[in-house]
Every structure is written in C-alpha cells, then in structure tokens.
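Student: I'd like to zoom in on one part of this protein. Could you walk me through it slowly, and then show me what else is going on around the model?

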Number of protein chains: 2
Amino acid sequence: MSRHSPFDPAALAAEIFDAVREMSRDAEGVSRPAFSPLETEVLDYLAAFGARHGLVVTEDAGRNRVFCRPEHAAAESWTLIGSHVDSVPMGGNFDGLAGVVAGLLVLIGGADRLARPVKLLAMRGEESAWFGSCYLGSKMLTGTMTATDLAAGHKGDNRPLRDHLADLGIDTEAVAAGRPLCDLGPIRAYLELHIEQGPLLVEKAIPAAVVTGIRGNFRYRAIRCIGEGGHSGAVPRAYRHDPVLAMADLLSRLDETWRRILITGGDLVLTSGVIGTDATRHAIARIPDEVAFSLDIRSQSAQTLTEMQLYLAEEMADIARARGVRFETGPRVDSAPAMMDAEITEGLMAAMARRGIEPFAMASGGGHDAAVFAQAGIPAGMVFVRNRNGSHNPHEAMELDDFLIATSILAAYLEE
Amino acid sequence: MSRHSPFDPAALAAEIFDAVREMSRDAEGVSRPAFSPLETEVLDYLAAFGARHGLVVTEDAGRNRVFCRPEHAAAESWTLIGSHVDSVPMGGNFDGLAGVVAGLLVLIGGADRLARPVKLLAMRGEESAWFGSCYLGSKMLTGTMTATDLAAGHKGDNRPLRDHLADLGIDTEAVAAGRPLCDLGPIRAYLELHIEQGPLLVEKAIPAAVVTGIRGNFRYRAIRCIGEGGHSGAVPRAYRHDPVLAMADLLSRLDETWRRILITGGDLVLTSGVIGTDATRHAIARIPDEVAFSLDIRSQSAQTLTEMQLYLAEEMADIARARGVRFETGPRVDSAPAMMDAEITEGLMAAMARRGIEPFAMASGGGHDAAVFAQAGIPAGMVFVRNRNGSHNPHEAMELDDFLIATSILAAYLEE
C-alpha cells in the first residue's frame, strides 16, 4: 500500500496489529520485553510502516521513535500522541500498541485536516513486569527516573536496567543525573489512547470514554497481623487474639467505608490481592498466630488517599486494641494521582459528541505514561477503548470497530 | 521404693514423668508414636512400676495395660480411670501421661480408702497425628473403629494402621467387624484426668476444673470462595466479585454471631486456621479470582452445631447473592459432642469443694477418650489440670502441685 492509496483505517490497523502480534507471539499471548531487541524490532517495523505511508520518522535520545507529517517536521510546538510498544510477559497485543496505532492513523489520515502540528511518540519500557517499576521510558524523557529504577534487575537475566539502557546506547549518566532526555518545551499537550483495563465500558455498552484522571495509589506489600496461636477447641473467645478474624474485621470495615465514599461521590478502589497464613505453621485445628495480606488502595483524589491512610491507621489501632493483636504494615509505597487537563477533557468530550456518541468520562485505574507527562506539567488527556477481559493477559479483547471509534474521537479533537 | 514405703505422691509422680520423658525424648519435647515399640516400652515401664507398688497388672485385647489393687482383681464391676500414653510428634510429656500417672497415684494411695473397685486403663493410640484420626485405642475397645481408620497410613512409614495393629498381635478381624475388644458391661463409670489445652485456668488462677462436656465440631478443610479476577485499579466496586472481601464478610458475620451466642449463654468456638490466595496466580495489583479457608466450629451442644451449620449455609448464600461469588465448601467432617454424666460431674464438683477448692466447671475444647466411652453409653467424667502454653507442643507446662490437687479431686470422689 502506498501513501497515495485511499485511506482505509480498518485495514491499516489490522495490518499493524497482525504483523506485531506475529513478531511477538509467546506460548500464550504476546511478550514484548522492555528495552529488548524485540522491542527495537517492533519500533523498526512501525518506523518502516510510517515511512511507507508518508510520515517522517526520527529517533529520540531514549531510542523511542517519533512520527509526524512532513509539513510538521519543522514545527516549533506540537501536540504529542504517546503510547508504548512493550507488553507484559504473555500479555495481550493491544495494551500499549493500540495507542501507537491510533497515533499512526491520526497522522496518516490527517492530511490537511490537523488544526495544529501533531507528533506521535512510540515509546519503550512502560510495563513494570520487566524491571519492577513502570513508566521507565517516559520517566527518562522527563528526567524523573530514580537510582532505584536504574539499579533494578531484569526479570529474566537479572542485569540492571542501567546495563540494558547502555546496550541501546542511551546516555545513562544523563538519566542518572535526572536530566530529561527530551525537550519538553515544545509539547503543548500529551494525548494517549489505551484499552480500558476494567469492565466498565463493556458493562455500560459504550465503545469509548474520555479519562478524567489516573488514580494514584498507596500499597502495602504484606501487612502482618500478629496474634496468638492456640488450640482451636480449647481457647474461649475472650482469651483469643485471632489474627485472621482481626484481618477479616479490618477488611470488612474498609469495604463498608469504600461503599460510603462512593455514595458520597468519592472515587476509590480497594484490593487485598495476596493473603495467607504461614504454610509452615498453620493447621485447621490451630488458631493461627499470624496472617499476612496486601493492600492496594487507589483514588483519583490525593485527598481521598490521605484520608484513607489515616482511616486505615485508626482502624488498625482500634482493632489491635479490641482484639489484642498487632499490625506491622511494612513500608508504604505511594503513587500520586494525575488529573487529566480539564480543557482537554472537555475538548475530547465535545469531539465524542461530534462523532455522535453520548459523551462519557471515567477514571483510569491503571497507570499510564500520561501520568508522567501530566506530572511534568504538560496538559494531558486520554481516551479509553472498550475491552473485554482486562489487560495484562492473553484474553484481552478489543473490537476493531471500538478502536476506530476511539481513534476518530482523537482525530476529531485534533482536527478542531 | 517398695509397696511398704510411706505414700509420697509428689515423688512417685516426678519419678514416672521423668523416666517416661527420658524414654521418649525427641529433638524437641517428646515423641511417643501410637502403636509403636516405644509405646510398648512405656507401657512395660508403667506395668513394672505398678507391680513394684503392689498393683495387679494385666494386658487387654487392645494390648493396653489394666491396673488395679489386688483386692479388686476379681471385682464384678468397677470404675475405670483411663488415659493414653502416646503423644504427638515433638509434643509435651503431660498430654495423656498425666492421666495415667493420676490413676496410678489413686490406686497406690487408695489402700482401704476406695469406696468401690477402681481400675486404671493405660491406653495406646489416642493422638490423630500418627494415623490421621484420633481415639484409635478406645475405638477398638468399644467396637467403633471404621474401615477408613484401619486403612489409614502411618505418618512415617505409610503402612496402614491395620498392619501396625497386627504387628502387636491385635485381632484386626474383630476390630474390622466392629466387635468391642473389651467387655464394657462391668464398667460402671469412666473417669479421665487431662491437662487443659487452653488458657482458661491460667487466666482464672484456678488449679483444676471439672469438665462438663467435650465439644463436638464440624470442619471444612478448605472452603473455596470463587469470584472474578481483575485489575486492582480498573474495576469499580459495582462490578467486582472479590472473593477475599466476601470471605472477610463471612468471617466477620460468623464472629459477630459467635459473640451473640456467648452472650445468650451458648457454648461455641470458631477458628479459620488456614487461609490463602493461590500463590501461583495472586498479585498485589490483581483482584484475586479465588481464596480458600478452613473452618473449625465447636460446641458442647449438638443443637448449636446444627444451628451453626444452617446459619453458615444461609450466610454463604446471602453473600454469594450480594457479591456475585460462589462458595464451594468441600466435604464437612463432623464429630459429635459428648456430655459428661451430670451425676459424676456433680460428684466431682463436691469432691473439689471437699478439697477446699472453689468448684469450677468448664467445657473441653479438645477431644478425649472420655468422649468415646460416653458415646458408648458409659457415664463419664473428667478433671482438667491447669497448664500453660496449650498442648501438642514441647512448651506445655503443668505444675506438679496443680497435678496433685487435680488427682486428689479424683481420689476424693472415689473415696466417697
């Protein structure tokens, strides 16, 4: 297909999705490791695809690829569409890649229609599965990568991220010094399209949504509740210090508070994903002496997160007092929420309406590179595509029609 | 020491406890496997000790030892004091053995004072640690051993119980046919002294107690609560089917109901000793799709147990409906409660008062051979001795003074 063929976004999208899926097939789903040769190969394929369709393609200091129409190659400022090409191990094909393909379609189909210069940034290294933390590509660009990030070992070969970056010729001294690898000045706004990672759009039968903000979170990897072991039959309730019932009490209180926060219009999700008594000591006929459980609490509102931290501490203290147990939380890991820019969000909602879809806005529970750009002070906006079965698994299922609708919202916004 | 020395119960008790501890020392605590050569060795030692102190010692068809004073050797009926000599692996020295030593002291010290004939039965095989179920010795005597019991493999060599019994010359055909190995007719009553396996007497500063009944129980090894996995940040509360919060809800409801049952005078203990999400699938940032937890619910009252089964089923159904999860309980294992004989309990309380101790009665949370005899229709009674740190561990700590007080209650009752 040449740059002069009629623009057929469905065919173009299918071509890219199929080709990249074939390049990155794993035992189940696809695997595109962050900062790997395969990731480079995918970027090379995309660059060649873009060039074939008349786009100018360059490489930035983070070894990402930047695409634009020839008439915008010398622009002084631009709106940046960004997304990542890496995936989790045995993940789905659309998480990240869909945003890049959307950007390509906007550029390729945008001849003479884009109101202002637009560039597409196809990034490396967003998924935390490979080096333990996320947004690595965008953190380098914005100068916010930490020493911990750089020293983190790769899931497979255990070599530090620093070495993997050096292999790609990235200036790790600049990264370590916190110098942005990219000049943020000309970026007027940052836009990202992503599959929804939850079930809301499927449940509500809506093909796409505008994202209001990316939830921040605080997490505890393993809160230990320590009580006192004993014979399951022989210790009366008044003398028990049962850590499992104490944990159940805490989780039930958190659940009820969650319900109340939602009723009053707040934004919150709350998960204890990993819980267990100690397999080396537990028994059916023994009161356990200890249980451990993780907590992951997210909100778009920094204030709600702070309030939940205080509430959690109060409830743990209350339960510890009432039940004679002890909570040892271990370190708390925080990630600040990132609000999308109100003006961009409104613009995207209006574009959605112009496309004949009832405007719908929602929070993003998962993190995205858009959060990094927003925290760097760049007005950001996001569009979600309806997607079945969540993300980070081979069963994610975005319909091409929904993807084209969501892409057309981006295009309509940029053509305004 | 000969049969004509002055009776010094503290010295005799210390002599036996020390000798048997030495015979059965393990890396930690003591190990006296059920139906093992070491168990036979301990019975031989006790038989020799009894004989040295003027008792007549015989062996029954279960290869247990029966002790009595010479004047009662030809009695037509008797009160039976019973206890077991086996222990759990790396357990404490007093669980089981204390009851045998108490019986020896009652007989040796009882010259001319016992109101009626008394025999002591030193039994094998009470602990479930070796072949998976408990009361094996007393079940054979009463003809209630099951085919499952006989086929169960030994914890160490995995040979079935049937073979271990045959090694001892026990008639496994009779056992398999459910024929009692012992003539229960002449047994007027069954008495047992045991260390308390909970903290009640320590907490209440009481040296001994009369037992009102042995709690029955029902147990589920692993109730699965099955929900729906998902991204911890991306699934709103309304679309969650979180099995961990469902389990927490259930355990909190059970805990509250437990509290209410106690307030209204009921007897109940409730434990979830083993819980966990699936280590091969769980993650901090994922809503788990499943959690498993054990339940062990005990009461002296069969009616309370039945009510709790119904209540549990109702609450699971209610939570399943409200939260869109599913509970799969797996098989329920039941053990019926055994009430001690009211007349014997009153007699033991009166004996306690005669010894100058404020009478105190309590339920037994752990199971004991007394339950088997009670269920065989023999009026039964039990006395508990204060004991620190529970049982089935090397740290159990019964004071000899408390043991002598509890033994003197038995003696006072039998001398009445």
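Student: Let's take B:L262: in which helix of chain B does B:L262 lie?

Tutor: Happy to, and keep in mind that this is a predicted model. B:L262 lies in helix α9 of chain B, the run that covers residues 243–263. With a relative accessible area of 33%, B:L262 counts as partly exposed, because anything under 20% would be buried and anything over 50% exposed.

So who does B:L262 touch? Leave out the neighbours within four places in sequence, and B:L262 is in contact with A:R237 and B:L268. Note the chain letters there: A:R237 belongs to chain A, while B:L268 is in chain B. For a sense of scale, take B:G137, which is 125 residues from B:L262 in sequence. In space, the two are 34 Å apart, C-alpha to C-alpha.

That contact with A:R237 brings in the other chain, and here's how the chains relate.

Now for some helix packing inside chain A. Two packed helices are described by the angle between their axes and the distance between the axes. The crossing is right-handed. On the α1(A) side you'll find A:P9, A:A10, A:A13, A:A14 and A:F17, and these meet A:L400, A:F403 and A:L404 in α13(A). That contact is made up of 8 nonpolar residues, with no polar and no charged ones.

α13(A) also packs with helix α11 (residues 342–354) of chain A: their axes come within 8 Å and cross at roughly 115°. α11(A) and α13(A) are therefore roughly perpendicular too, and α11(A) passes α13(A) in a right-handed crossing. Here A:I344, A:G347, A:L348, A:A351, A:M352 and A:R354 of α11(A) meet A:I409, A:L410, A:A412 and A:Y413 of α13(A). The tally for this contact is 8 nonpolar, 1 polar and 1 charged.

Notes:
Residues numbered from 1 in each chain as written. Chains lettered and ligands numbered in written order. Predicted model: local features only at pLDDT ≥ 70, side-chain atom pairs only at ≥ 80, totals over all residues. Heavy atoms only, no water. Left-handed = near helix turned anticlockwise from the far one by under 90°. Helix = DSSP H or I, 4+ residues; strand = E, 2+ residues; numbered from the N terminus. Contact = heavy atoms within 4.5 Å. Nonpolar A, V, L, I, M, F, W, Y, C, P; charged D, E, K, R; others polar. Buried < 20%, exposed > 50% of the residue type's maximum accessible area, 1.4 Å probe, protein only. Axes fitted to C-alpha atoms, helices over the stretch in contact; angles between N-to-C directions. Parallel < 35°, antiparallel > 145°, perpendicular 65-115°, else oblique.
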